Amino acid sequence: AMNNAQLAPQQSLTGRTHFIQSYAKINLTLDVLTRRADGYHELTTLMQTVDLYDTICLSETQEPTISITCSRPELATEDNLIVRAVQAVRQRLSLPQGFMIELHKRVPVAAGLGGGSSNAAATLLLLQQKWQLPLTASDLHEIAASLGSDVPFFLVGGLALCEGRGERITPLAPSWPQSMRWLLLLKPAISVSTAHVFRHLSPEDYSDGTSSRVVRSALEEGIELRLDTLHNSLQRGVLERYPEVAQAREAMLQVGASHVFLSGSGPTLFAPFANLTSAFQVQQRLQAQGYEVFLTRANYPQGINA
Ligand code: C5P
């Protein structure tokens, strides 16, 4: 009822347009525990959304088709996760209408930042919230998990512990540490396949989950976080097999980042800073070397529980 009241009078039932910001994430920790029989890996990972975002604009059309346009035309395809999210909802609810999708892409693609997964979750939230479709939180979670392991996290956003293959979400309410007030994200100019990175894990890369446990309790209890407790089981293999990523990491350390970690399966690296001036200076030095670098902060978007 509240959403109805917010509709402007000129908006008719067909032709409604709504937009949403779709945030990137980083993995503060990513502990790979075991390889499962289904080929996926059992994880514990702490994911945090950051204020780097794509904008998704969804319009209802009378023709029962789905179309997509994108600021990066190569992403405007039928297998785009936004298209698949809309299709999944249309099928489940037998919706008669079609949708036009417009995507303004800012988050690097295949980067370890969850861009595509975030787009899918944001689309599900948009359909549920603005079109007021009869989808429960558990329906959304089920559709999200069917689209990818990282998608359910983005229904919640903020900081969460993600377990299983990543789809089991525990939202956390941290007191965010000073030492991570600013987050510099560097995207090396290569793409990395997530499946490939997982397939090439070495026995030594598996973890007992200590890093996620220690970082979680530090964040929740407000104990000052030791940055060297952050850990990513996928980092060693990625640095070894992709020299561009190892070089970029060295460059970050050389120009003043004290700690640098891989996000997800990479290739994006992130470095936390307590101080804006230092973060900005390091960003400028890296940009002068030709690197793509984003200066961001952790954020708490309105998710499904908001
Ligand atoms: O779930 P999603 O399709 O995003 O995962 C992409 C690939 O990453 C999977 O096909 C799998 O190879 C790998 N993966 C994994 N264990 C996970 C998540 C992803 O092995 N927990």
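Trainee: Where does Ser117 sit in this predicted model?

Mentor: Ser117 is in helix H3.

Trainee: Is Ser117 buried or exposed, and why?

Mentor: The general idea is to count neighbours: a residue is buried if 20 or more other C-beta atoms lie within 10 Å of its own, and exposed if 12 or fewer. Ser117 has 24 C-beta neighbours inside 10 Å, so Ser117 counts as buried.

Trainee: Which residues does Ser117 contact, leaving aside neighbours within four places in sequence?

Mentor: Those contacts are Leu81, Gly148, Asp150, Val151 and Phe154.

Trainee: What feature does UniProt place at Ser117?

Mentor: The unreviewed UniProt entry has a "binding site" there, and that feature also takes in other residues, including Pro108 and Ala110.

Trainee: Let's take Pro108, then. Where is Pro108, and what does Pro108 touch?

Mentor: Pro108 lies in the loop between S4 and H3. Not counting residues up to four places away in sequence, Pro108 touches Leu113, Gly115, Lys187 and Thr268. Pro108 is buried because 20 other C-beta atoms lie within 10 Å.

Trainee: What is phi for Gln132, and where is Gln132?

Mentor: Gln132, also not a glycine, has a positive phi near 50°. Gln132 is in the loop between H3 and helix H4 (137–147), and Gln132 counts as exposed because it has 12 C-beta neighbours inside 10 Å.

Note on methods. Residues numbered from 1 in each chain as written. Predicted model: local features only at pLDDT ≥ 70, side-chain atom pairs only at ≥ 80, totals over all residues. Helix = DSSP H or I, 4+ residues; strand = E, 2+ residues; numbered from the N terminus. UniProt positions renumbered as here; feature names shortened; annotations may be inferred. Contact = placed C-beta atoms within 7 Å.
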